[in-house]
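Good morning, and thank you for coming. Please look at the sequence and the structure on the screen while I take you through the model.

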Amino acid sequence: MRVPNSVVLPVGTHVDCCQEEEVEEKRQDIMAKITAMLAERKRNLAHCINNLEGSEEPKFYVDQWERLKEMESCMLTILNLVAVNCTDHRDIKKLEATILEHVKNEELFPEVVRVLPPVYRQVEAAIVDIAQSEEMADHGMMDLQYLLGKLSQRKHLASLGRELLQDILRYLHRIGLVVWYEEIKQLESTVFLQPTFLITMFKLLVRYRLVQQLESIS
């Protein structure tokens, strides 16, 4: 909801636990709840903006007002929910085909027709190679400057500069191949070549009822 022009594909799992007529009923219920949630969000943002504009000293709240206006302008596109049975490989392939079909839709993703310079593909292939190498630690964390050095050792990437690498990393971050938190000062020099490691770590740290579990420990 905070990313401009987001596209969201809801996926309903555990179809195998439902009767056939239940699936469509649940699909409609979920989509209706999403629509209601977005409408409520829009009303809440408008209410907060109106409150700030109507305050006695609105100039003190300019930063907050600008953030709310920015959130209000974030358009969210919700696609039709896809129901899948995760135990059926055919359903997984169906989901994959649906995702690819949407991604190739130029109206949803205008950048899909963007032609990338060859060096982008070369760096992408090299990073995949490094990430899969035996010397790579399981956590997949690598210093940005060290990564640049590793890439520069390859003959066809010898002239690769830091600025160009950063541009390429932004692209690879957007497509999910790597994770690079350049906006966080403490992490701007670290590139995560194995995003799945972060998912595993977050699953250990961010858990349902975590606060209650911690409070139950004497």
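Helix α1 covers residues 20-53, which makes 34 residues, and at 1.5 Å a residue it should span 50 Å; the C-alpha atoms at its ends are 51 Å apart, so the two values agree. Please keep in mind throughout that this is a predicted model.

Which residues of α1 are buried? They are Val23, Met31, Ile34, Arg41, Leu45, Ile49 and Leu52. An α-helix has 3.6 residues a turn, so residues three or four places apart point the same way. The buried residues of α1 have α2 (62-73), β3 (76-78) and β4 (82-83) as their packing partners.

Glutamate 21 also belongs to helix α1. With a relative accessible area of 59%, glutamate 21 is exposed, because the cut-off for that class is over 50%. From glutamate 21 to glutamate 135 there are 114 residues in sequence and 52 Å in space, C-alpha to C-alpha.

In the loop between β2 (11-12) and α1 we find histidine 14. Most residues other than glycine have a negative phi. Histidine 14 is not a glycine, and yet its phi is positive, at about 60°.

**The second largest pocket**

Let me turn to a pocket. Rolling a probe the size of a water molecule over the atoms shows where empty space is left. The second largest pocket holds about 180 Å³ of space. Its lining consists of Leu38, Arg41, Lys42, Leu45, Glu72, Cys74, Met75 and Leu76. Which element gives the most to this lining? That element is α1, with four residues. Sorted by class, the lining of the second largest pocket contains five nonpolar residues and three charged ones, with no polar residue. Two names return here from the helix: Arg41 and Leu45 are among the buried residues of α1, and both are in the lining of this pocket.

**The nonpolar cores**

I now come to the cores. The largest nonpolar core has 25 residues, and those with the most contacts inside it are Val123, Ile127, Leu147, Leu151, Leu160, Leu169 and Leu193. Two or more residues of this core come from each of α4 (118-132), α5 (144-152) and α6 (162-174). The most comes from α4, which gives seven residues.

Leaving out residues up to four places away in sequence, leucine 169 touches Ile127, Leu144, Leu147, Val178, Trp180 and Val191.

How many residues does α6 have? The number is 13, and α6 reaches 18 Å from its first C-alpha to its last, close to the 18 Å expected at 1.5 Å a residue. Buried in α6 are Leu165, Gln166, Ile168, Leu169, Tyr171 and Leu172. These buried residues of α6 are covered by elements that include α4, α5 and β6.

The loop between α6 and β6 (190-192) contains glycine 176. Just after α6, glycine 176 adopts a positive phi of about 85°. Glycine 176 is partly exposed, since its relative accessible area is 46%. Glutamine 194 is 18 residues from glycine 176 in sequence, and their C-alpha atoms are 9.9 Å apart in space.

Leucine 187 is placed in the loop between α6 and β6 as well. Its relative accessible area is 26%, so leucine 187 is partly exposed. Apart from its neighbours within four places in sequence, leucine 187 is in contact with Trp180 and Tyr181. Between leucine 187 and isoleucine 217 there are 30 residues in sequence and 32 Å in space, C-alpha to C-alpha.

Serine 189 lies in the loop between α6 and β6 too. Is serine 189 buried or partly exposed? Serine 189 is partly exposed, because its relative accessible area is 32%. Leucine 165, one of the buried residues of α6, is 24 residues from serine 189 in sequence and 12 Å away in space, C-alpha to C-alpha.

That concludes my presentation; I would be glad to take questions.

Methods
Residues numbered from 1 in each chain as written. Predicted model: local features only at pLDDT ≥ 70, side-chain atom pairs only at ≥ 80, totals over all residues. Heavy atoms only, no water. Expected span 1.5 Å × (residues − 1). Buried < 20%, exposed > 50% of the residue type's maximum accessible area, 1.4 Å probe, protein only. Contact = heavy atoms within 4.5 Å. Core = buried A, V, L, I, M, F, W, Y, C linked by side-chain atoms within 4.5 Å. 1 Å grid on protein atoms, 1.4 Å probe; cavity = no way out; pocket = protein on both sides within 12 Å on 5 of 7 lines; lining within 4 Å. Points joined across faces, edges and corners; volume = space filled by probe spheres on them. Nonpolar A, V, L, I, M, F, W, Y, C, P; charged D, E, K, R; others polar.
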